[in-house]
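Me: I have a structure open and want to know what stands behind the terms used for it. Please set each value against its definition.

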Number of protein chains: 6
Amino acid sequence: MSTDKERFDGRQPNQLRPISFQRQFTRYAEGSVLVCCGETKVLCNASVEERVPPFMRGEGRGWVTAEYSMLPRSTHTRSMREAAKGKLSGRTQEIQRLIGRSLRAVTDLKAMGELTVQIDCDVLQADGGTRTASITGAYVALYDAFAGLVEKGVLKEIPFKDSVAAISVGIVDGQPLLDLNYEEDSKAEVDMNFVITGSGKFVEVQGTAEEEPFSVEELDALRDLGLQGCAQLAEMQQEALELK
Amino acid sequence: MSTDKERFDGRQPNQLRPISFQRQFTRYAEGSVLVCCGETKVLCNASVEERVPPFMRGEGRGWVTAEYSMLPRSTHTRSMREAAKGKLSGRTQEIQRLIGRSLRAVTDLKAMGELTVQIDCDVLQADGGTRTASITGAYVALYDAFAGLVEKGVLKEIPFKDSVAAISVGIVDGQPLLDLNYEEDSKAEVDMNFVITGSGKFVEVQGTAEEEPFSVEELDALRDLGLQGCAQLAEMQQEALELK
Amino acid sequence: MSTDKERFDGRQPNQLRPISFQRQFTRYAEGSVLVCCGETKVLCNASVEERVPPFMRGEGRGWVTAEYSMLPRSTHTRSMREAAKGKLSGRTQEIQRLIGRSLRAVTDLKAMGELTVQIDCDVLQADGGTRTASITGAYVALYDAFAGLVEKGVLKEIPFKDSVAAISVGIVDGQPLLDLNYEEDSKAEVDMNFVITGSGKFVEVQGTAEEEPFSVEELDALRDLGLQGCAQLAEMQQEALELK
Amino acid sequence: MSTDKERFDGRQPNQLRPISFQRQFTRYAEGSVLVCCGETKVLCNASVEERVPPFMRGEGRGWVTAEYSMLPRSTHTRSMREAAKGKLSGRTQEIQRLIGRSLRAVTDLKAMGELTVQIDCDVLQADGGTRTASITGAYVALYDAFAGLVEKGVLKEIPFKDSVAAISVGIVDGQPLLDLNYEEDSKAEVDMNFVITGSGKFVEVQGTAEEEPFSVEELDALRDLGLQGCAQLAEMQQEALELK
Amino acid sequence: MSTDKERFDGRQPNQLRPISFQRQFTRYAEGSVLVCCGETKVLCNASVEERVPPFMRGEGRGWVTAEYSMLPRSTHTRSMREAAKGKLSGRTQEIQRLIGRSLRAVTDLKAMGELTVQIDCDVLQADGGTRTASITGAYVALYDAFAGLVEKGVLKEIPFKDSVAAISVGIVDGQPLLDLNYEEDSKAEVDMNFVITGSGKFVEVQGTAEEEPFSVEELDALRDLGLQGCAQLAEMQQEALELK
Amino acid sequence: MSTDKERFDGRQPNQLRPISFQRQFTRYAEGSVLVCCGETKVLCNASVEERVPPFMRGEGRGWVTAEYSMLPRSTHTRSMREAAKGKLSGRTQEIQRLIGRSLRAVTDLKAMGELTVQIDCDVLQADGGTRTASITGAYVALYDAFAGLVEKGVLKEIPFKDSVAAISVGIVDGQPLLDLNYEEDSKAEVDMNFVITGSGKFVEVQGTAEEEPFSVEELDALRDLGLQGCAQLAEMQQEALELK
């Protein structure tokens with residue numbers, strides 16, 4: 001495992017890309033955040049509906065769910081719209097479920113009451129890490145939506161048990177790297193995504209050997225990068241929400 | 001036909017909403033324009049492909065086509081994604097064809113050679129007039145895509161025969177109004193869209209009596225508002241493109 | 001604008017094709033009219049249902065809606081069935097909505113009570129102007145369906161506020177022409193459809209520059225042809241219904 | 001098995017409904033026949049294409065295939081269009097394949113050369129027996145299409161090995177009946193369709209016990225009615241084609 | 001009609017393939033039978049639901065329905081999954097309806113009460129006659145499901161009026177044969193399926209001339225083979241169910 | 001983390017369920033293995049096609065891909081067929097891609113030449129761990145398909161770089177457990193799947209906190225269980241293939 005190669009954009013192996021959260025990016029959504037992780041830009045809109053899906057009615061619990069989509073020209077070459085194809089790809093469905101699960105893992109659904117929050121993550125520009133940026137941004141949008149419900153008196157307090165953020169890590173040319181951009185991602189031998197709470201616990205761990213199966217030592221190195229990266233993201237979320 | 005009622009946002013009956021064009025809004029598309037007409041915000045991305053659809057191969061002509069979509073929470077209440085429904089609504093298909101026809105009407109397809117430009121109009125925020133804003137913004141994005149091809153030496157000159165813009169007009173409480181916002185649009189008795197070239201010729205005329213059929217005099221009054229509005233938009237397009 | 005060229009079928013520029021209405025063409029529909037405009041033949045069947053769509057229940061108002069389809073071999077070369085393709089084309093959906101809107105514009109939905117009339121327009125043979133013939137014929141079929149409800153005592157009187165008819169006009173070789181057949185339509189530089197009430201008011205105006213954008217003068221000339229053509233059609237509808 | 005009950009429309013148990021063939025019913029199809037069997041009316045259009053489906057290219061053989069559809073209001077109550085549902089019902093597909101197989105069974109595909117004839121059977125009005133009327137009428141339309149190809153010199157002679165017709169039979173109130181109308185069909189205990197050539201051979205035999213399983217004796221009685229009915233239809237086809 | 005040719009697998013013309021029924025093949029279904037007819041192997045699972053489809057509620061009658069599918073590699077060459085294609089073929093729908101109708105023909109739906117039994121016939125290996133094997137096996141699975149309901153006290157007795165089995169017959173090289181395997185089936189000039197009750201009455205008769213129309217004598221010979229084959233199958237069903 | 005609770009079926013926390021591989025389970029597939037892991041039974045059929053998908057032609061490399069499906073009544077209560085729904089669920093697509101990736105990770109695609117092997121994993125009975133059993137069984141079926149190609153002289157040697165197996169682990173009542181059955185899986189707080197090669201390297205790591213986010217210590221304990229379980233499965237695969 002070499003450690004001295006320079007990254008495409010001059011970052012250290014364990015360095016995140018610059019991150020920003022623009023709250024209230026659009027005017028109608030109850031929470032609306034444009035999250036930028038380097039050149040990856042995702043608009044996360046949280047919509048509150050004062051009811052739950054039919055299968056949950058009468059249980060007194062809330063629901064948080066997510067949808068994900070890339071604008072056709074968010075990428076280097078244009079891709080076909082899923083609406084034009086008439087169906088969602090497996091990748092899209094997988095990401096949608098991941099975002100929803102990650103948010104629910106830190107939400108006290110009982111404390112929400114019979115409310116649904118639908119998070120829409122629309123990728124305006126993609127440079128790697130769109131699913132992890134979506135989770136990190138969606139948490140902030142969901143916070144804002146909850147805060148609005150507290151302000152309106154619908155909720156007593158923000159029904160979060162913890163915060164949540166996500167990051168990609170990978171092995172490129174034998175070296176473990178944090179927060180891959182598109183160029184790194186397309187060369188990675190191993191690709192992992194971690195979803196980790198503000199208190200450092202794992203919500204999701206997903207690792208795939210793209211080229212070569214990887215060793216226990218490599219798994220452990222990637223795990224540590226993921227923990228470090230998500231800890232930094234958790235800090236930035238708190239700052240963006242002016243909670244510190 | 002009364003003429004003295006005040007508009008919801010204080011505008012004169014024949015006054016456009018504030019309009020702006022942000023060029024190079026995203027980094028990968030060959031032309032990328034965020035057009036804002038009041039609170040309506042549409043991202044128009046032009047993608048160049050160096051080939052034409054199969055049915056046109058070998059004819060030496062180019063093609064310009066468009067797709068249109070609204071983000072689920074671009075509106076007051078969230079709407080379901082067409083990708084999730086598995087099909088495009090009739091409204092979406094109608095708008096897509098309208099945008100494509102409007103751009104082709106001012107493009108010299110022969111001069112383009114065997115190139116396709118695909119325009120994606122994605123509505124980030126909707127406050128009425130999204131289809132007309134899409135056309136007005138798409139013209140600027142297409143101009144930028146053509147300019148890039150001239151710069152690269154693929155085209156000798158910008159293959160436009162004219163410019164094109166579009167505006168909605170309508171009759172609200174008996175009064176003909178220019179550039180309806182959502183609130184006005186939902187109360188309009190008559191609703192018309194005009195697509196007009198920079199030299200004042202009609203590309204499309206679409207009028208619908210929502211409540212009451214309308215008279216020849218009303219048709220003529222709306223026609224004149226449309227001509228005036230599009231003339232102003234043509235000016236602003238030229239300014240945005242620094243052609244004046 | 002030249003005015004002397006002879007039309008393909010010897011008609012004057014402002015002359016309609018021969019039109020006929022065969023009422024009670026099939027035996028089950030509450031209104032069943034085969035409308036022939038020259039070689040264009042459309043079967044318009046009106047079906048009465050004594051309920052309204054779910055979103056309208058309890059409002060005390062009726063609903064009129066339409067579907068449109070072309071038999072695969074109604075045209076010169078066979079086209080694929082939309083049922084086989086598994087979806088309606090954008091063109092079909094656009095026409096269906098146009099027919100429905102046109103009929104509702106002259107119907108007193110309140111006076112109907114909670115009834116739905118579904119109009120099916122099936123093109124048996126197509127020689128241009130199928131959507132306008134559909135509207136013109138559908139009005140007669142709807143009248144017959146309403147008359148049957150009056151006879152049965154379900155309605156007190158025919159709930160029409162006005163009659164409605166539609167016609168296509170266009171510019172061919174620089175000359176404005178009324179009621180284009182297929183051959184003319186495929187050569188037209190400008191193509192317009194007008195839906196106009198018996199009292200001469202506009203329900204829909206749709207104009208498209210197929211080749212060249214058109215001037216205000218041309219728009220006005222086409223508008224006048226449309227008014228004249230629909231006035232004649234309104235007469236013929238009255239005759240067919242033996243109301244004169 | 002009783003034998004004395006009167007039929008709804010006064011026919012004898014072994015009597016066909018009045019049948020007529022209107023050739024050249026529409027003007028574009030190479031063969032166009034409106035077949036009426038009592039109140040059942042089916043438009044059979046044959047379209048010639050001078051090529052075969054991809055899987056048959058280069059084999060020197062032709063192809064005959066069929067599609068079937070009912071107009072929404074061909075029946076007592078309106079049914080939904082299959083194009084609107086987005087898929088063909090199993091019933092429609094079953095009938096389409098039956099019509100195609102029946103026509104191919106009497107066609108010398110080799111003698112056709114690499115031609116396709118597509119038969120469209122569109123039911124304008126339905127009173128039972130629409131699939132059998134479709135086959136009987138389609139034979140006449142296909143004959144006309146072939147005759148046109150002979151006239152144009154594309155074919156040397158009509159490539160039929162035999163003629164083909166079809167009829168429904170059934171057991172109603174214990175009595176075997178020929179050519180059921182809708183009312184009889186909906187009360188039938190057993191329902192059979194026979195497709196039989198002009199020379200009295202079977203192409204298809206389809207029998208279903210709707211209420212009670214049936215005996216060998218009943219099967220044989222129905223078989224004899226089918227043979228008699230198809231023999232009469234074969235006569236009428238020859239007359240309609242002026243071959244006698 | 002020759003009678004001396006040897007069959008591919010050495011059977012007599014009127015000889016069935018070896019048949020076996022493995023009951024309780026899987027552990028969750030209320031009835032689960034692997035039926036093997038020579039190399040054709042179909043898993044028939046019967047699932048009991050204690051309600052009926054919406055259109056039957058409150059009528060006090062039960063319902064039996066079936067689904068049919070072939071594993072992609074049940075055949076010599078792999079076929080595409082219908083789930084991947086996104087729709088059921090016409091063949092699949094036709095077979096599903098046939099299985100359901102056949103079982104309902106011998107079931108006393110009234111005696112069932114408001115229960116549904118869903119039969120799933122999944123072909124693990126196909127060597128001709130999969131639809132007939134499905135019916136023959138499904139009867140046994142349905143019997144076991146009913147027996148379980150009797151044991152649980154939900155039903156008083158097995159609500160069968162008769163038993164049912166099915167077999168294919170055909171004409172190969174001019175000779176009528178019973179129970180065709182794949183190789184025979186693909187060479188057959190005539191192909192028939194019979195569904196016959198334990199008491200020798202017909203539920204379904206389906207015959208198709210694949211190559212040459214067939215005579216009354218041939219039809220009668222095939223009918224007799226079908227009757228004989230189904231009588232033997234009925235015996236074996238009774239044995240498998242230990243009812244003899 | 002408690003360690004003393006008894007498992008539902010009496011196993012030790014780190015004990016696999018009994019596993020068996022029935023090779024040549026069906027007769028047509030080039031590799032056909034019924035893998036049983038306790039009560040989970042999956043039929044893995046490998047089909048060889050002597051060509052690659054269009055996007056890979058001419059590259060001299062092979063392809064391995066997989067499909068996955070559950071029989072409707074493989075589970076405690078019947079689920080609807082995906083073929084009937086008309087689309088694959090996100091879960092199915094996710095599993096299909098996982099199986100394909102896992103097999104490709106140990107296959108020398110270059111050494112395969114332009115061949116495709118399609119693996120079909122059909123779950124006959126499901127008691128937890130169907131996706132991991134599919135991978136473990138598919139490896140054996142793929143081995144048999146490759147062996148057949150070596151025997152036929154199409155391949156020089158088996159193009160595997162390593163073997164591959166998969167196992168689920170989880171935390172139930174605070175205790176890390178190996179190889180969860182359905183009952184355990186539905187109660188698990190954390191659920192992980194490991195795909196690991198015969199030489200102990202990771203191909204896929206997927207962990208999800210179903211109830212509570214999990215700590216680094218828990219992650220490490222689950223990782224170790226996964227490594228141990230897959231090592232045992234690799235042994236059993238070798239035995240089944242008679243390679244030891």
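Me: What makes the pair R91(A) and Y68(A) a polar contact?
Reply: Their side chains come to 3.1 Å. A polar contact is a pair of N or O atoms within 3.5 Å; within protein, one must be able to donate a hydrogen and the other to accept it, and residues adjacent in sequence count only if both atoms are side-chain atoms. The pair therefore counts as a polar contact. This is a predicted model, where local features need pLDDT of at least 70, side-chain atom pairs count only at pLDDT 80 or more, and totals for chains, interfaces and linings use all residues. Residues are numbered from 1 along each chain as its sequence is written, chains are lettered from A and ligands numbered from 1 in the order in which they are written, and side-chain values use heavy atoms, with hydrogens and water left out.

Me: Why is R91(A) called partly exposed?
Reply: Its relative accessibility is 32%. Buried means under 20% relative accessible area, exposed over 50%, and partly exposed in between (1.4 Å probe, protein chains only), so R91(A) counts as partly exposed.

Me: Is T130(A) buried or exposed, then?
Reply: T130(A) has a relative accessible area of 7%, so it is buried.

Me: Which residues does R91(A) contact, neighbours within four places in sequence aside?
Reply: Y68(A), M70(A), T130(A), R131(A) and R97(F). Contact means heavy atoms within 4.5 Å.

Me: How do you know that the "binding site" positions R91(A), G129(A), T130(A) and R131(A) gather at one spot?
Reply: The feature comes from an unreviewed UniProt entry. The positions span 41 residues in sequence, yet no two of their C-alpha atoms are more than 13.6 Å apart, so they gather at one spot. UniProt positions are given in the numbering used here, feature names are shortened, and annotations may be inferred rather than shown by experiment.

Me: What makes β6(F) and β7(F) a pair?
Reply: They are joined in the antiparallel sense over 4 bridges. Two strands pair if DSSP finds at least two bridges between them, so they qualify. Strands (E, at least two residues) and helices (H or I, at least four) are DSSP runs, numbered from the N terminus. One bridge links V172(F) to Q175(F).

Me: What relation do chains A and B have?
Reply: A rotation of 180° with 0.0 Å of shift along its axis superposes chain B on chain A, at RMSD 0.0 Å. That is the relation of a two-fold axis.

Key
Copies are superposed by least squares on the C-alpha atoms of residues with pLDDT of at least 70 in both.
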